[in-house]
Amino acid sequence: MLLAIGSLAAIGATLGAILGVASRYLAVEGNPLEAELLELLPGSQCGQCGYVGCGQAAVALAKGEAAVTSCRPGGKAVAEKLAKKLGVTIDLSQHQDAVQQVAFINEDLCIGCLRCANECSSDAIVGGPKQLHTVIADHCHGCRHCFEICPTEAITMHLVPITVHDWHWHKPKTTRRH
Amino acid sequence: MKIFPVAGGVHLDYRKELTRDLEIVVMPLPRMLCVPLHQHVGTPAEPVVVSGQPVKKGQLLAAAGPGAVSAPIHSPTSGHIVDIVNYLAPHPSGLTQKTILLRTDGKDQWGELPAPIADPFTATPREIAARVASAGIVGLGGAAFPSALKLNLRTGHTLDMLLLNGAECEPYLTCDDRVMQECAAEVVNGARIMAHALSTSCIKLAIEENKPQAIKIMTEAGKPFGIQVIGVPVRYPMGSAHHLVKAVTGRETPAHGRTASVGVLVHNVGTARAVDHAIRLGRPLISRVITVSGGAMNRGVNIDVPLGTLVSDLVAFCGGFKNGTMPYRIISGGPMMGHMLPGLDVPVVKGTCGILALTAEETNEQPAGPCIRCGACVTACPSGLLPLSMAAYIIHEDMAGAAREGVEDCISCGSCSYICPSHIPLMHYFEYANGRLRALDRERRKHEKIKTLTEARQARLERIAAARREPRHTVTPSAVMVTPPATPPATPPTGEIKASA
Amino acid sequence: MNVSQSDRRGPFTHAPNSVRQTMLLVVLALVPATVFNGWLFGWPAIFLFALTVGACLAVEAGCLKLQGKPVIATLNDGSALLTGWLLAMSLPPWAPWWIAALGAVFAICLTKHLYGGLGQNVFNPAMVARVALLVSFPVVMTAFVPPHPLFTSGAPGFLESLRITFAGGFNLDTMSAASALGFIKTELSRGIPVSQSMTQAPSFLNMVSGFHTGSFGETSAWLILPGGLYLLWRRVISWHIPVALMGTLFAAGTLFHAIAPDRFISGPYHLISGATMLGAFFIATDYVTSPVSKSGQLVFGVGCGLLTWIIRTFAGYPEGMAFAILLMNAMAPLIDHHFRPRTFGRTRKGEPLPLKPLAGRRSL
């Protein structure tokens, strides 16, 4: 009886001491999760998730306030990575990727005011003052900021069409018979 | 001749007797041809003709597109261009692609062709490859990879063998069989020209043993030139380039590699014939031999079809469907690796090797049941994968898990789906997974690029702010700000030399 | 333009096989041994067989109904029929009705459907039922009887058989006998060497022909073996598991018998006694609970054979096949993970094959 109590007490004390030491020496400053999440986000500060930028979104994600699917430009790829990092399981089979959009400048309406180029976070709009601007589609991530700021409504958002080259098979719709 | 063992594979019901003994017929010219600009692996060709322009047979319609991988398109007959429109592609997606509509005039007049290369065996490999490229020749086994690029693999690889693929391991298809029987001399000549272009003297021709006639004829035709004909065992997917090379030479192509990395270049027999036409006659690739077959087709044929012929015209030529009703499935290619067509009004393209109209009994489709872990798919997989566990990952949307299991090594031969007693659409799962993995990869690359751009911009804005704070350095903001990044060169799509089954 | 999304990737041809066909082929291979042993053990055994199969089908139907899955379509796949059949073959031939009913619940409900139905179970349902019954009701489950062929003197009549199966059973003291392995084990525990007790155990000929005490379907090796060979010929099973299992059992038996004949049973005797034949060809080869790769199946077979020999030789139970198979069932996922085929174009470690410069190749 005494032996049992004694040995249990000893085990408890030893493990407690190890935990105590570990908490002191292996302590982590700040929240590393936020930095890791920020690394996963597109980093284009587009604000489509409802937060000011990707940093704030990462904080919200770490707190569990934002859904892993809230990054629209990131699509499934980012959502999956976030879910893995946060250890949440999500069913993305029904998740439709936000159809990729790119900005397009109607050259008849553009007055060369440079507002869109200044607003663009990824330098996808090129052009000088009083000159026509144009969008490099490959660099545009569809944040719509230029679309909203253009004074002459020269910018429209175009869908990126799916081509035969990009298309891939959907998941088989099987009526599983058990 | 020693045949090296290849793991996996399945024995199929070949059903080649439907068209095996039928001579190749020539398709009468249809009124209208729909010639897509993208009939090959790589970037689409770019049209050099305009609406209303009259064209002659063999005239260039569209030049090879930008990037390293592309092929030009030529006019299959004489007539005039009606329009260049977005037209339904012969692709399971049902999407459209840029297509030249050509109204034929029935005269079938040849235009001016490049002069034949009189003695190809004194021409340089570069000249031959250039002619093959300008003739728009692509792999006719189904992969449609530009052939000239394969011929150019001689630089950078040590090649010691040209292996002609006459395996034709897909059920129903007999077009390669007929080409070998009826055009043996052309195939041999094309093969010799390609071998010359590769600076190799060793030519072998692999034919599955269920084509004794073709083996006999090709052996005789090839004998004077030292072309060795090898009968390979009848087991699907023997026509997969990697597996054929393994069976014939014992050399195993490393993952993600090409057969050229083990010293062998594989070309389809139809491609050899096209090369012969391009070099000896100066003719570009404007028609090809395909098999029209299947239990729902009134009359099966082996037929030489102008590219751009609509499947509906072809079906009409073959007497329509049995009972006049739409068949259960209409397939482009063989039943194993082929795909469904989105309709009958789609054109025959360079990669089409057959049009099959199949009945429900022939396809034997059943609803999928639960996996009983019988391992038949594991035994059948020629790539040595575990299809059942890859499918389990994919069902749960775990693409990373499927990739760890090796889904990217899948050659989409369909042996697993064929043999599965529970009729689980395994190959469909793997195509889905590989499509998703590629899409994810594209997205990832785009995000990375945008991230770098954003970070560069942030850094620049900070520099400007810092410069403003320090008035001694007079840096005008505009001088720093407007740095139009040059459009990066379009990354060429990496073409794969896939199984030309 | 008639645009229709095609909903199906190929292939557009399929082997003429199905789960149902596979299951029925296995059942077909079991028929000769079943018929012969039905005759050998008489009406009580036939009742028990019918009850077990019927109970398994009923439990399967009930489970499917509860889960809202299609009942008839799933019953049609023949998997419950096969499970019931194998369970019946592994029971003592004159066991009472409630053994059949309870066995069906263990096998179908607890082992199969609680894990998610066909294809999802970790353990072989028939063997779980057998082992669960054995450890729960050791007396009833070891109450074997010597053969009482139908229409011979001493065989219980139809009505008496009904009483044996449904009311009270039979007189354990006068009727029951030990199986060959059980007899040798008991004698060994009494200090009688194996070499001596084996002379009193059923002869080799009786062991092969089925005329000895044992489970309902396990005694007639001469009929089970052709059934197994038939399955091999029809490619329902591959040789790897049966050969590895019996080879290991035979090798271990022969080796130790040569070293100490007084202590160890000989190799050939291991092969024809107990559940060896049935287990090797019909139970260890169960698709769901065995590894999928050929190398994995070899490991699995060796494991089953070795464990069977160890249990038969050293453990408290005279027969170890069921335990051995269940233990290896638990190992199957691990074996599957580690013993997989080599991917084409890759090394065993999964790296792309290194490029070897070939002799005599010219460099351009």
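Student: Hi! How many residues does helix 13 of chain C have, and how far does it reach from first C-alpha to last?

Tutor: Hello! In this predicted model, helix 13 of chain C covers residues 240–259, so to speak a run of 20 residues, and reaches 28 Å from its first C-alpha to its last, close to the 28 Å expected at 1.5 Å a residue.

Student: Which residues of helix 13 are buried?

Tutor: Among them are His240(C), Ile241(C), Pro242(C), Ala244(C), Leu245(C) and Met246(C). Further along helix 13, Thr248(C), Leu249(C), Ala252(C), Gly253(C) and His257(C) are buried too.

Student: And what do they pack against?

Tutor: The buried residues of helix 13 pack against helix 12 (221–233), helix 14 (267–272), helix 15 and helix 16, which belong to chain C.

Student: Nice. What about helix 17 of chain C, where does that one bend?

Tutor: Helix 17 bends by about 45° at Met331(C), and a proline, Pro333(C), follows within four residues. From its first C-alpha to its last, this helix of 18 residues (321–338) reaches 24 Å, close to the 26 Å expected at 1.5 Å a residue.

Student: What covers its buried residues?

Tutor: The cover includes helix 5 (125–136), helix 15 (276–283) and helix 16 (294–314) of chain C. Among the buried residues of helix 17 are Met321(C), Phe323(C), Ile325(C), Leu326(C), Asn329(C) and Asp336(C).

Student: Lots of helices here. How many helices and strands does chain C have?

Tutor: Chain C has 17 helices and 0 strands. Its C-alpha trace spans about 90 × 60 × 30 Å along the principal axes, and 53% of its 364 residues are buried. Among contacts in chain C with a separation of 6 or more, 75% are between residues 24 or more positions apart.

Student: OK, on to the interfaces. How many residues of chain C are in contact with chain B?

Tutor: There are 41 residues of chain C in contact with 63 residues of chain B. The chain C side of that contact has 18 nonpolar, 16 polar and 7 charged residues.

Student: And how many with chain A?

Tutor: That contact takes 8 residues from chain C and 4 residues from chain A. On the chain C side, these divide into 3 nonpolar, 2 polar and 3 charged.

Student: Which residues touch the most other members of the largest nonpolar core?

Tutor: Leu163(B) and Leu244(B) do, in a core of 252 residues. Helix 1 (residues 19–67) of chain C gives the most to this core, with 21 residues.

Student: What does Leu163(B) touch?

Tutor: Leaving out residues up to four places away in sequence, Leu163(B) touches Lys204(B), Ala206(B), Leu244(B), Val245(B), Val248(B), Val264(B), Leu265(B) and Val266(B).

Student: Switching to strands: how many residues of strand 13 of chain B are buried?

Tutor: Strand 13 (residues 287–293) has 7 of its 7 residues buried. Both faces are covered, with Ser287(B), Val289(B), Thr291(B) and Ser293(B) on one side and Arg288(B), Ile290(B) and Val292(B) on the other.

Student: Which way do its neighbours run, parallel or antiparallel?

Tutor: One of each. Strand 14 (residues 301–306) of chain B runs antiparallel to strand 13, joined by 6 bridges, and there Ile303(B) is the bridge partner of Ile290(B). Strand 17 (residues 354–358) of chain B runs parallel to strand 13, with 3 bridges, and there Leu356(B) partners Ser293(B).

Student: Now, is Asp313(B) buried or exposed?

Tutor: Asp313(B) counts as buried because 22 C-beta neighbours lie inside 10 Å. Its place is in helix 8 (residues 311–317) of chain B. The C-alpha atoms of Asp313(B) and Leu33(B) are separated by 9.9 Å, although the two are 280 residues apart along the chain.

Student: Last one, for checking backbone geometry. Which peptide bond is cis?

Tutor: The bond from Tyr236(B) to Pro237(B) is cis, with omega near -5°. Pro237(B) lies in the loop between strand 11 (228–232) and helix 6 (241–249) of chain B. Arg144(A) is partly exposed, with 16 other C-beta atoms within 10 Å, whereas Arg15(B) is buried, with 21.

Technical notes: Residues numbered from 1 in each chain as written. Chains lettered and ligands numbered in written order. Predicted model: local features only at pLDDT ≥ 70, side-chain atom pairs only at ≥ 80, totals over all residues. Contact = placed C-beta atoms within 7 Å. Nonpolar A, V, L, I, M, F, W, Y, C, P; charged D, E, K, R; others polar. Core = buried A, V, L, I, M, F, W, Y, C linked by C-beta atoms within 7 Å. Buried ≥ 20, exposed ≤ 12 C-beta atoms within 10 Å, placed from the backbone. Helix = DSSP H or I, 4+ residues; strand = E, 2+ residues; numbered from the N terminus. Expected span 1.5 Å × (residues − 1). Bend = angle between axes of the 7 residues up to and from the residue. Pairing = 2+ DSSP bridges.
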